[in-house]
Amino acid sequence: MLRLWLRRASVWLLGAVLLGTLVLAVSVWSIDRAARGYTYSADAVPAAPVALVLGAQVDLDGTPAPFLAARLALAQRLYTTGKVKVLLVSGDNSRPDYDEPDAMRSWLITHGVPAGKVVRDYAGFDTYDSCARAIRIFGVRRAIVVTQSFHLPRAVALCRHVGIDATGVGDDSVRVAQFDWWRGSVREWGAAVKAAYDQVSGRDPVYLGRHETGVEDALRAT
């Protein structure tokens with residue numbers, strides 16, 4: 001009896017492992033396929049009205065951690081070279097003591113981007129939410145997505161899925177932090193499965209809210 005139970009358990013376990021591997025492989029493949037041909041270097045990326053800068057960790061003193069600072073430096077470069085006219089910074093402000101968008105805006109202003117050209121999205125709780133809110137709340141139809149290169153295919157794929165004509169530019173400068181870079185790259189495998197779920201479910205962002213005119217106002221002021 002025990003031997004039969006162990007045999008059945010082994011079959012179920014093997015089946016679960018094979019199914020999980022298949023789901024992971026299909027999810028990663030679909031993201032890579034959707035983003036193929038839409039990722040560029042900062043010099044080669046076609047110009048767009050808006051850069052969507054995705055949030056990341058902010059340190060306890062309120063300053064962007066290295067990965068986020070690298071994204072902001074890349075976005076600042078896109079603005080100063082005329083690739084984009086407005087920067088939409090989208091991040092997590094789910095707690096009063098943690099504020100990615102304001103930290104991102106402060107960094108950009110300190111580094112020469114006019115305050116009127118930086119628009120904040122306080123409810124970019126994950127990549128899907130940032131993309132969905134960019135088009136549904138801020139009216140962004142065409143954009144350059146800015147993040148780290150290991151995250152870029154998923155970000156571009158999700159933005160294109162929700163209807164944004166998105167290209168992307170990825171930062172590689174923080175690759176020198178080898179462990180953090182490796183951890184982020186591995187995390188993308190699981191995130192690919194979540195992205196596939198988000199695409200299939202077509203869920204609303206965690207917080208939707210009403211239309212905001214910040215991007216439109218900043219573009220009209222150019």
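Visitor: Which side chain does the side chain of R160 make a polar contact with?
Guide: Quick heads-up: this is a predicted model, where local features need pLDDT of at least 70, side-chain atom pairs count only at pLDDT 80 or more, and totals for chains, interfaces and linings use all residues. Residues are numbered from 1 along each chain as its sequence is written, and side-chain values use heavy atoms, with hydrogens and water left out. A polar contact here is a pair of N or O atoms within 3.5 Å; within protein, one must be able to donate a hydrogen and the other to accept it, and residues adjacent in sequence count only if both atoms are side-chain atoms. At 3.2 Å, the partner of the R160 side chain is the side chain of D165.

Visitor: What is the relative accessible area of R160?
Guide: Buried means under 20%, exposed over 50%, and partly exposed in between (1.4 Å probe, protein chains only). R160 counts as partly exposed, because its relative accessible area is 26%.

Visitor: Which cysteine is joined to C131 by a disulfide?
Guide: The rule asks for a pair of cysteine sulfur atoms within 2.5 Å, and the count comes to one disulfide. With S to S at 2.2 Å, C131 is joined to C159.

Visitor: Why is the disulfide of C131 and C159 left-handed?
Guide: Both cysteines, C131 and C159, are buried. The handedness follows from the torsion about their S-S bond, so the value to look at is about -80°.

Visitor: How far apart are the C-alpha atoms of R160 and C131?
Guide: Along the chain, R160 and C131 are 29 residues apart. Their C-alpha atoms are separated by 8.5 Å.
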